[in-house]
Amino acid sequence: MELLRFTTAGSVDDGKSTLIGRLLYDSKSIFEDQMEAVKAASERLGNEEVNLALLTDGLRAEREQGITIDVAYRYFATPKRKFIIADTPGHIEYTRNMVTGASTADAAIILVDARNGIIEQTKRHSYVASLLRLDYVILAVNKMDLVDFSEEVFNNIKTEYTAIAEKLNLKNVIYIPISARDGDNVVNASDKTPWYEGQPLLSLLESLPVKESIERLKARFPVQYVIRPQSDEFHDYRAYAGRLASGRVKVGDKVTILSSYTESTIKAIDEADKSLEEAYAPQSVAIRLSDNVDVSRGDMIVKSDELPRVDANISLLVCWLNHRPLSIGAKYIIRHTTDEVFGFIKDVYYKVNINELENVIGDKLVKMNDIAHIKIKTSKPLKHDLYAENRVTGSLVIIDEATFETVGAGMIVDSLEEQTYVI
Amino acid sequence: MSDRLTHLKELESESIYVLREVAAQFEKPALLFSGGKDSIVMAHLAYKAFYPASIPFPFVHIDTGHNFEETITYRDDLVKKLGVKLIVGSVQESIDAGRVVEETGYNASRNKLQTVTLLDTLEKYKFDAALGGARRDEEKARAKERFFSHRDEFGQWDPKNQRPELWNIFNGKKQLGEHFRIFPLSNWTEMDVWQYILQEDIELPSLYYTHEREVFERDGTWLAYYPFMQLKPSEQVIRKRIRCRTIGDITCTGVTISEANTLEDIIGEIASSRVTERGGRSDDKRSEAAMEDRKKAGYF
């Protein structure tokens, strides 16, 4: 059975929690004791119907205020697939949560209220899906029951969104008319939308081709930890443990260790007490090399004919996550794969107005939830790829040197001098 | 050529990655071992993550003094087999030292008292990271947890102000006196855990399989009877064939009437179950936000 990770986004009353409640309920992932707890809570809060949103809003403050504050993770499985939902709140101030939820997702479900059509928040959610390079966007047009399941309403929304998708370079967009409250086209095909020829949502999720296989990308093995048992039996054992970020490696491959550019050959690939002939992403393994070379955490093992970029001048699209704004000229800690370096913020090229989908040049004050194109200089070169090519070696986080909070999420892009990242 | 790992393989790989990050990022981590299936799976993953070296951190067991003896036997055998150091934090000692006051009455439980013993133990040994087997699917407050969950110097969790956790980049940086709780099994479900135990052929305490035991019914839940428990006049102790679906402190672990004798039986039973595994845990039922409140105070 395979795993599909998806994120859900919608604005406050688009029915996102109801949809998730419906998926969990109809796939029998909600148990009687959970249902009883939700019924009791609904009554206590004065809701007339059972409020499925209470299944997902876990914190006291969320239940009191009727809003979702933080990303919540939900799990359900069908006989075909196991799913992880990163359920992200739709409020304006929570762009950082959407970015967080999308960072580990393969697909996004973006909800639109059929009565309101595309709104500012839809654009924002779509921008985030595009920024984080999700393979699929499912535009779920919800509350179709409130527009009499009108094909015309659905088609108008679809036409309007197609233009946005094109602008944002979203390649795979799938449109579904649903009613989360009544279950139309969620698990079962609805008889109220005979004009809709696609699959219901759940079948679609079960059959989405899972991400453009990371196994076909160039091999990248960031070294996490060196395994050196201090025992007689394994006296000379020395292996480099890590999780293959992309691609595949096999015994006998000629490899280069970065940053030292030392060359060697893969002697063995160990998975605990088993030795493998080859490994592929995202497997966690331990690699042994034929030569006694200096390798430590933060190094990267790659195939000698597939070297990544190695550079200390990095351009990023950054989503700022902290209430203290980005400070140009300041020093931050940069975490990139298993590597940790210092970095100076050199400049802010432009900010992105994600409501209008426009670049704003000249405004250099990057605040929480802002997205900006910036340039940094790191204390040591980063062994990286562009985010568009590799989501693991192309991403990094920025950490405040004083508070140690994670303040920025960066996606590596080409520098402005070479190419402008246009939206 | 398989394009994708199975979901169990992918979860295993993710957890091993987290365990290795902990060994690399922290000076003095510890694995919180309860003797329950989740911490047993975590111990198995730790074994795999560092093989052939031994697990580079000790196990910590917070012993309420009300543990099933099968759990203690299993624990002692396992640490011996793995060659890891075991540190036991004793709730009884916390009570004797006046750090906590024992609850009284019918629903008396040492579950909540464990928090103080846990924090005292972490403090005493200066652990800067504590690995726990909690899963996000278990409980609604846990669905909001990070893999690397920051705790302030009072051991508290601040759910409204958590560090964003993106991709698989974990930030374990902290100020002096603060620590992290780390949850390598965050993305596992109860079913994943059981399927993995079957796949890896992991030995479990006998409590998870059907056996005969003295039990009594309270508020619709079957509890194992021990002489220190206070019975209400209406409650009758009888012998039944049961098994544990989760294992915690005796006072708050509901047992299941079951004949399941093999892992396959157990998986079948869980697949058709209509209540969650924590449905029998009276510690969660004390209020709607019982778990959130305990977690904020520093609970597992």
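Helices (H or I, at least four residues) and strands (E, at least two) are DSSP runs, numbered from the N terminus. The structure is a predicted model, in which local features need pLDDT of at least 70, side-chain atom pairs count only at pLDDT 80 or more, and totals for chains, interfaces and linings use all residues. Residues are numbered from 1 along each chain as its sequence is written, while chains are lettered from A and ligands numbered from 1 in the order in which they are written.

**Cis peptide bonds and positive phi angles**

The loop between β11 (254-258) and β12 (262-271) of chain A holds A:Ser259, which a cis peptide bond joins to A:Leu258. A:Pro282 is placed in the loop between β14 (278-280) and β15 (284-289) of chain A, and the peptide bond that reaches it from A:Ala281 is cis.

Positive phi values occur at A:Asn169, which is not a glycine, and at A:Thr337, also a residue other than glycine. A:Asn169 belongs to the loop between α6 (151-167) and β6 (173-177) of chain A. A:Thr337 sits in the loop between β18 (331-336) and β19 (339-353) of chain A.

| Residue(s) | Angle |
|---|---|
| A:Leu258 and A:Ser259 | omega about 15 degrees |
| A:Ala281 to A:Pro282 | omega near 0 degrees |
| A:Asn169 | phi about 65 degrees |
| A:Thr337 | phi near 45 degrees |

A residue is buried if 20 or more other C-beta atoms, placed from the backbone, lie within 10 Å of its own, exposed if 12 or fewer, and partly exposed in between. A:Asn169 counts as exposed, with 11 C-beta neighbours inside 10 Å, whereas A:Thr337 is buried, with 27 other C-beta atoms within 10 Å.
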